[in-house]
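Dear colleague,

Please find below the structure I am handing over to you, followed by an account of what was found in it. I would be grateful if you could read the two side by side.

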Amino acid sequence: MSRLFLLLIFLKTATLVMAQVDGTVLIKGTILSEEDGKPVAGATVSFPELNKTAISNDSGVFVFRNLPSGRFTLKIEHLSFQDIIEPLILAEGNNEKTFMMAESWGMEDEVVVSAGRFAGKDETPYQVSSLSGREIKETGGFDMMDALERVPGVTQISLGPGVGKPVIRGLSFSRILTMYQGIRFENHQWGEDHGLGLNDFSVDRIEIIKGPASLMYGSGAIGGVLNFIDAQPSDRRFEGMVGMQAFSNTLGHRNEVLLKGSADNGFYWQAYGNLQSHADYVDGNNRAVGNSRFQSGMGKATAGINKERFQSKLSYTYNKQRIGMIEDDEMEETMATHRWDRSIMVPYMDVTDHLVTSQNTIFLGKSKLNLTLGHHLNLREENEEVDEIDLGLILNTSTYDLRFSNNALKNTELVIGAQGFRMSNTNMAEADEILMPDAVMYDNGIYSLVIKDLGKLNLQGGLRYDYRHTRASTTALEEFELPGSPESEMMSRTFGGFTGSAGLSWEISKQLLLKSNIASGFRAPDLAELFSNGHHPGTRRFEMGNAEFDREQNLEVDLSMLFRRKSFSFEAAGYFNHIQNYIFFNPTGETIGEGAGELDIWAFEQDDARLYGGEAGVRIHPHNLRWFEYKLAYAGVRGTRLSLNEPLPLIPADRIINELRLSADKAGFAEAPYFFARGNYVFAQDRVASDELATPGYFLFSTGLGATVPFSGYALQLNLTANNLLNAVYFDHLAITRQWGIYNMGRNITAGLKVIF
């Protein structure tokens, strides 16, 4: 905590210094049509990193006052024109510029955030996908993972509708880093039955980095990053929303409320809350799956200030989940009760998160300083008996992220930074089972990134060094031993090394864009992989780690291309990923204990691995039929354990996703009406590890519609979504329940209503 205190003192000092600096920027822009030179009215103009937005008037003119000097990304959006995303160097005084907007092709670039750096997606040499808040809501899913599966190359490991964890290009668990409120979100992702635990509430969009992102994020980003981007501050004194959703399959409901506002002095605030409750789900055979019920609640509060040279935001999130745990003998002896029963039964998980962050930015002319501080408290209980805690873990993570960027050199941006965290894992005193020891982890890293903008060619490259020290102790634990049973009852491991990346984005023509990236990533083994040595409640497994594991190190090469014309685009990406010391989980074929207490022994193993695959997609959006859009995408991955030349476990099946969408700006009294029909064909997965079962292919069909209707000064957002409309009976290859013969969810219809005021 002393480090956090010193950083806060530094931040306050820097703020006082900046208060002495004079000189701000005014920018006046004029937006014209490239086709006929006429003014473009009603365009939305924004500087995302400054949280500033303006609308062009009837003369196509927009004005921003009191901006800081420096390099910032400008975005101009209009339904009838192609988006403009352009980096601008703002000099002190008055700046004027004319922007020419071309006719829309319906295939737009977008601004993405990579470790706090704003840039157009076309500029980034690696693969970045995103889901907007609108796209997330339209899926009608139970949590964030249901929406993320719309993205080619992204799937989930699931244990019923309440538990889902991300898989990106075949990599999962502690290899996928989740960023929430600007810091890493740590909630024991090592467990296959430990879900992501986040929903889309208060999230503006999710960005997905595919491939190693260790350069900017450190250990844990060897497979990719999920970055949850907060909603933008309100530009009104006060506004709000009340929403409700109903789910037919689980007889569930979800209720949410949002209030936010801002003042003329730059101060803004936001407050959110939601609750949801679900009964057991039913499969395509209309059979209820016992104890798949779950409940959750979330609250979030944010306060911030936007000034010409300084931004600061303080956020707090409370998240509570109670999740039933499906048992492996469910098909022989079901735990299902009456259809409407949603009371939690044993075994179940009780998970609580408290997350507080402070995000701060200081603008220093051609430089910018970002400092993010955060603390995350995660409480996890797994209970097999009423009023007893079988597994109880307390995880405290304090995080800092300091980043300095400079644009003093022409067409060049330099980013240097330091990141780190202190994480402590403590077993609850009242816990009956000890799966892993108490432990403390220290992690620090420094990095440098250079971006060179040569017009049509954008180059990026960087280098990073990380150091991690993990110390485990059993002094406060009875009947639990570390590997080798050291007399000190303590054991420590240290991991360190370099990673780097280099890539380019080359706009060969207006129609053709090529990207190439080579990157190394690393991941230090997590606590479970190193030190677990006990029964995992809720399962029939005795889990064993290995304190001698080396760190995972990978090298991935990515190539991609995007070809676009007025009514058509084609995108393809391929990758080759070699991982040294890949860690995976396997049954040993041995048991421990006797009778009803007999457990199967599962152990972590380490071997070199290779993964390769790709994604490809077509989008058709005729420029003379703006209401029509069709998308077709394919994703596939292959994973091999090299020493045995056999498939890796938990590799998703190939899939094809196609979607027809009809939408308009307005139709009668309805605004933004839409209709979609989506088909998801998943191939059979017969390339399986020695202990896995093959999975047959299946087809899921979904459809939905919605619109916004003005009513008495309010806006009513209505939507209706049907997932698995044909009530298919199927196994998802990555569902934990598949090995127990339990089918995935059948038909689910979600109805939603939001009242915006």
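A salt bridge is counted here where a side-chain nitrogen of Lys or Arg lies within 4 Å of a carboxyl oxygen of Asp or Glu. By this rule the structure holds 42 salt bridges. The model is a predicted one, in which local features need pLDDT of at least 70 and side-chain atom pairs count only at pLDDT 80 or more, while totals for chains, interfaces and linings use all residues. Residues are numbered from 1 along each chain as its sequence is written, and side-chain values use heavy atoms, with hydrogens and water left out.

Overall form

The protein chain comprises five helices and 42 strands; helices (H or I, at least four residues) and strands (E, at least two) are DSSP runs, numbered from the N terminus. Its C-alpha trace spans about 80 × 55 × 50 Å along the principal axes. For 757 residues, a compact globule would have a radius of gyration near 27 Å, and the 26 Å of the protein chain agrees with this. That radius is taken over C-alpha atoms, and the globule rule is 2.2 Å times the number of residues to the power 0.38.

Of the 757 residues, 59% count as buried. Buried means under 20% relative accessible area, exposed over 50%, and partly exposed in between (1.4 Å probe, protein chains only). Among contacts (heavy atoms within 4.5 Å) between residues at least 6 apart in sequence, 65% join residues at least 24 apart.

Side chains of opposite charge can pair when their charged atoms come close. Arg687 is partly exposed, with a relative accessible area of 28%, whereas Asp654 is buried at 8%.

A salt bridge also joins Glu615 and Lys210, whose closest N and O atoms are 3.7 Å apart. Here 405 residues separate the partners, Glu615 being in strand β34 and Lys210 in strand β15 (residues 203-210). Both Glu615 and Lys210 are buried. These two residues belong to a network of salt bridges that also links Arg169, Glu556 and Asp558.

In a further salt bridge, the side chains of Arg184 and Glu186 meet at 2.9 Å, N to O. Arg184 and Glu186 are both buried.

A buried arginine without a salt bridge

Arg342 is in the loop between β21 (310-324) and β22 (348-364). Arg342 is buried yet has no salt bridge, and the nearest side chain of opposite charge, Asp341, is 7.2 Å away. A polar atom of the Arg342 side chain does lie 2.6 Å from the backbone oxygen of Leu251. Beyond its neighbours within four places in sequence, Arg342 is in contact with residues including Thr250, Gly252, His278 and Gln295.

The largest nonpolar core

A nonpolar core is a set of buried Ala, Val, Leu, Ile, Met, Phe, Trp, Tyr and Cys residues joined through side-chain atoms within 4.5 Å. The largest has 25 residues, of which Trp190, Met436, Leu527, Phe531 and Phe604 touch the most other members. Elements that each supply at least two residues of this core include β24 (391-406), β28 (490-507), α5 (527-531) and β33 (568-592). The largest share, four residues, comes from α5. Apart from neighbours within four places in sequence, the contacts of Phe531 include Leu435, Met436, Phe480 and Met491.

Gln245 and Thr750

Gln245 is in strand β17 (residues 239-247) and is buried, with a relative accessible area of 11%. Not counting residues up to four places away in sequence, Gln245 touches Gly252, His253, Arg254, Thr750, Ala751 and Gly752.

Thr750 is in strand β42 (residues 748-756) and counts as buried at 0% relative accessibility. A polar atom of the Thr750 side chain lies 3.0 Å from the backbone oxygen of Gly140.

With kind regards

Technical notes. Lys and Arg count as positive and Asp and Glu as negative; His and the chain ends are not counted. A polar contact is a pair of N or O atoms within 3.5 Å; within protein, one must be able to donate a hydrogen and the other to accept it, and residues adjacent in sequence count only if both atoms are side-chain atoms.
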